[in-house]
Each structure stands twice: as structure tokens, then as C-alpha cells.
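Work through the exercises below with the sequence and the model side by side. Try each task before reading its solution.

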Amino acid sequence: MSVHFEEKSGVIPCKTAWGSWYQTMEEVFIEVNVPPGTSAKEIKCELASKHIDLRVREQQVFKGKLFGSTVSDEATWTLEDKKLIRIVLMKSNREAGNCWQSLLEGEYVADPWVQDQMQRKLTLERFQRENPGFDFSGAEISGNFHGGGPDFSNLQK
């Protein structure tokens with residue numbers, strides 16, 4: 001498919017005081033608003049498989065244990081237009097049932113409605129991958145979608 005699922009269907013962001021975070025089956029995206037004119041030299045970002053630490057202009061933005069584990073050597077951060085830091089973390093577990101409930105353990109928790117919408121989105125993304133000839137980007141889902149939705153893998157074809 002030429003267009004990524006999240007690009008066609010939108011994202012479900014979890015808003016925070018510093019910006020927002022959202023996820024796909026494979027990645028977690030963190031967008032941090034910083035003062036206009038911020039330079040990369042003023043940013044200290046440490047990314048590990050289970051921890052993250054972000055400081056801007058000597059001020060702690062966030063620091064702690066990630067909700068889930070990530071592939072540390074595939075994590076990146078960029079400064080865009082000197083006013084937005086974008087961090088991309090690759091999830092270690094890339095299944096639809098691996099829906100992060102918060103960015104850090106106990107911090108930046110998605111409210112129940114946002115969690116529900118995130119899980120729906122990941123389940124539809126899973127259906128899209130399993131059925132590449134169909135377009136699930138505008139679909140709605142109800143019923144058993146928590147934990148990645150029903151498992152059809154044992155059905156005979």
C-alpha cells in the first residue's frame with residue numbers, strides 16, 4: 001500500500017501539557033512543543049529501550065520508564081521548524097494487542113475514551129495488514145476489539 005494506514009485514517013493523540021503522543025502497531029510518536037527559536041544544541045534527549053529522558057534549555061520535560069519496551073537503536077528525535085521535537089520509538093512488541101495505555105509508567109495516561117479509540121485504531125490497522133486488498137481507513141469497529149480483536153488465525157481457509 002502506498003499510503004500508510006495512519007496517514008489515511010488519522011491518528012488518536014493523547015494530549016499533554018508539553019504536546020501529545022500517539023501510536024501505531026509498530027511505533028510510538030511523541031510531539032513536544034518547545035519555545036520558538038530552540039536550537040538542537042539546547043536539547044538533550046536520551047532514548048533507551050525502556051527509558052526516556054528529555055531536557056530542553058536545562059529544563060526537564062519528562063523522564064521515566066516507558067510503558068512498553070522499544071528497540072533503542074531504531075529510536076530517533078528531530079527538531080522541526082525550531083519549535084517542535086518529534087520523537088519516534090519502535091515498539092518491541094508490534095501486535096495490535098500491544099496498545100500503550102500511557103507514555104511512561106503511571107504518567108501521561110490516556111483517558112478511557114482515548115485508550116478505547118487507540119485500541120480500535122490498532123485493531124483496524126491489524127485488519128488492514130491481514131487484508132491488504134481492502135481499505136479499513138474509514139471503518140468503524142465495535143464488539144471484541146480489545147487485545148487486538150478476535151483471532152481468526154485458526155480458521156480454515
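**Exercise 1. Which residues does Leu103 touch, not counting residues up to four places away in sequence?**

Step 1. Apply the contact rule, which asks for heavy atoms within 4.5 Å.

Step 2. Leave out residues up to four places away in sequence; Leu103 then touches Trp18, Trp21, Val28, Ile30, Lys65, Leu66, Phe67 and Tyr108.

Step 3. Note the basis of the values. This is a predicted model, in which local features need pLDDT of at least 70 and side-chain atom pairs count only at pLDDT 80 or more, while totals for chains, interfaces and linings use all residues. Residues are numbered from 1 along each chain as its sequence is written, and side-chain values use heavy atoms, with hydrogens and water left out.

**Exercise 2. Which members of the largest nonpolar core touch the most other members?**

Step 1. Define burial: buried means under 20% relative accessible area, exposed over 50%, and partly exposed in between, with a 1.4 Å probe and protein chains only.

Step 2. Define the core: a nonpolar core is a set of buried Ala, Val, Leu, Ile, Met, Phe, Trp, Tyr and Cys residues joined through side-chain atoms within 4.5 Å.

Step 3. The largest such core has 28 residues, and Trp21, Ile30, Leu54, Phe62, Ile87 and Leu103 touch the most other members.

Step 4. Find the elements that give two or more residues to this core: strand 3 (27–33), strand 4 (43–47), strand 5 (51–56), strand 8 (84–90), strand 9 (102–104) and helix 2 (112–130). Helices (H or I, at least four residues) and strands (E, at least two) are DSSP runs, numbered from the N terminus.

Step 5. As background, nonpolar side chains in soluble globular proteins tend to be buried together. For the chain as a whole, 43% of the 157 residues count as buried.

**Exercise 3. How many helices and strands does the chain have?**

Step 1. The count gives two helices and ten strands.

Step 2. Read from the N terminus on, the elements run α-β-β-β-β-β-β-β-β-β-β-α.

**Exercise 4. In what order do three strands form an open sheet, and which stand at the edges?**

Step 1. The order is 4-5-6, with antiparallel pairing.

Step 2. Strand 4 and strand 6 (59–65) stand at the edges; each has a single partner strand, so one side of each is left without a neighbour in the sheet.

Step 3. Five bridges join strand 4 to strand 5, and Glu46 stands opposite Asp53 in strand 5.

**Exercise 5. How many aromatic pairs are there?**

Step 1. Rings of Phe, Tyr and Trp (its six-membered ring) pair if their centres lie within 6.5 Å; planes under 30 degrees apart count as stacked, over 60 as edge-to-face and the rest as tilted.

Step 2. By this rule the count is seven. Tyr22 and Phe29 form a stacked pair, 4.9 Å centre to centre with 15 degrees between the planes.

Step 3. Tyr22 is buried at 11% relative accessible area, and Phe29 is buried at 11%.

Step 4. Phe134 and Phe136 form a tilted pair, 6.4 Å centre to centre with 55 degrees between the planes. Phe134 is exposed at 57%, whereas Phe136 is buried at 18%.

Step 5. Ring pairs also link Trp18, Phe62 and Tyr108 into a cluster.

**Exercise 6. Where does Pro13 lie?**

Step 1. Pro13 lies in the loop between helix 1 (5–9) and strand 1 (14–15).

Step 2. Pro13 is partly exposed, with a relative accessible area of 28%.

Step 3. Neighbours within four places in sequence aside, Pro13 is in contact with Ser20, Trp21, Tyr22 and Val114.

Step 4. Pro13 and Met118 are 105 residues apart in sequence and 8.3 Å apart in space, C-alpha to C-alpha.

Technical notes: Two strands pair if DSSP finds at least two bridges between them.
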